[in-house]
Amino acid sequence: TDVINQVPENAVLIGYGLDFGFSLDPTALVAVYRHDKNLYFDEVLYETNLTNQDIYDRIKDIVGRDEIIADSAEPKSIEELHRLGLNIKPCVKGKDSINHGIDVLKRFKLFTTERSLNLRKEDRSYKWAVDKSGNSTGKPIDKFNHAWDARRYIVSYKLKHTNSGKYFLYS
């Protein structure tokens with residue numbers, strides 16, 4: 001992704017992606033904005049050892065009632081954050097959901113804010129797994145992917161059907 005100073009004023013927030021972590025893995029929250037065929041990412045939270053109350057306290061004033069799509073592997077955390085007042089929903093995972101989310105991201109030109117240091121580090125470190133012969137397995141390695149997963153959750157949820165809601169009338 002390209003690095004920018006800040007999200008352009010004409011970009012529209014589509015929502016936030018949240019990947020849960022705790023001791024070894026960070027909790028990552030990424031704001032995702034869109035303008036035309038461009039997506040803009042801004043790291044909001046990237047921190048370890050956060051309880052659900054900590055997460056809420058750190059993000060409540062930033063996200064307000066905007067939509068958050070979170071890792072569905074943590075239904076209890078999603079419910080707790082919802083009860084605290086966040087507009088949070090689980091992502092939809094399925095067969096090949098990681099590759100599908102990456103394919104959705106590839107439809108856009110991607111930009112990351114300069115202050116998103118951890119997301120930028122993940123961008124540089126995100127790699128595809130290889131087999132013993134050095135051939136790609138078609139799956140990314142499960143490292144350096146917390147902010148990546150967070151943005152993939154919201155983008156997959158909101159932008160998977162690029163023509164959804166568009167109708168053409170022919171006469």
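Residues are numbered from 1 along each chain as its sequence is written. Since the model is predicted, local features need pLDDT of at least 70 and side-chain atom pairs count only at pLDDT 80 or more, while totals for chains, interfaces and linings use all residues; side-chain values use heavy atoms, leaving out hydrogens and water.

Let's start with the whole protein. Of the 171 residues, 43% are buried, meaning under 20% relative accessible area with a 1.4 Å probe and protein chains only. Taking contacts (heavy atoms within 4.5 Å) between residues at least 6 apart in sequence, 60% join residues at least 24 apart.

Now for the helix pairs. Two packed helices are described by the angle between their axes and the distance between the axes. Here, axes are lines fitted to C-alpha atoms over the stretch in contact, and angles run from 0 to 180 degrees between N-to-C directions. Helix α1 (residues 52-63) packs on helix α2 (residues 75-84) at about 45 degrees, with the axes 10 Å apart. The two are therefore oblique, the label for angles that are not under 35 degrees (roughly parallel), over 145 (roughly antiparallel) or 65 to 115 (roughly perpendicular). On the α1 side, Asn52, Gln53, Ile55 and Tyr56 meet Ser77, Glu80, Leu81 and Leu84 of α2.

Helix α3 (residues 97-105) and helix α5 (residues 146-159) pack at about 75 degrees, their axes 9 Å apart. That makes α3 and α5 roughly perpendicular. Residues in this contact include Ile98, Ile102 and Leu105 from α3, along with Trp148, Val155 and Leu159 from α5.

Finally, zoom in on Tyr40, which sits in strand β4 (residues 38-47). Is Tyr40 buried or exposed? Tyr40 is buried, because its relative accessible area is 6%. Apart from neighbours within four places in sequence, Tyr40 touches Ile4, Val7, Pro8, Ala11, Ala31, Val32, Tyr33, His35 and Phe111. Ala11 is 29 residues away along the chain, yet the C-alpha atoms of Tyr40 and Ala11 are separated by 7.8 Å.

Note on methods:
Helices (H or I, at least four residues) and strands (E, at least two) are DSSP runs, numbered from the N terminus. Buried means under 20% relative accessible area, exposed over 50%, partly exposed in between (1.4 Å probe, protein chains only).
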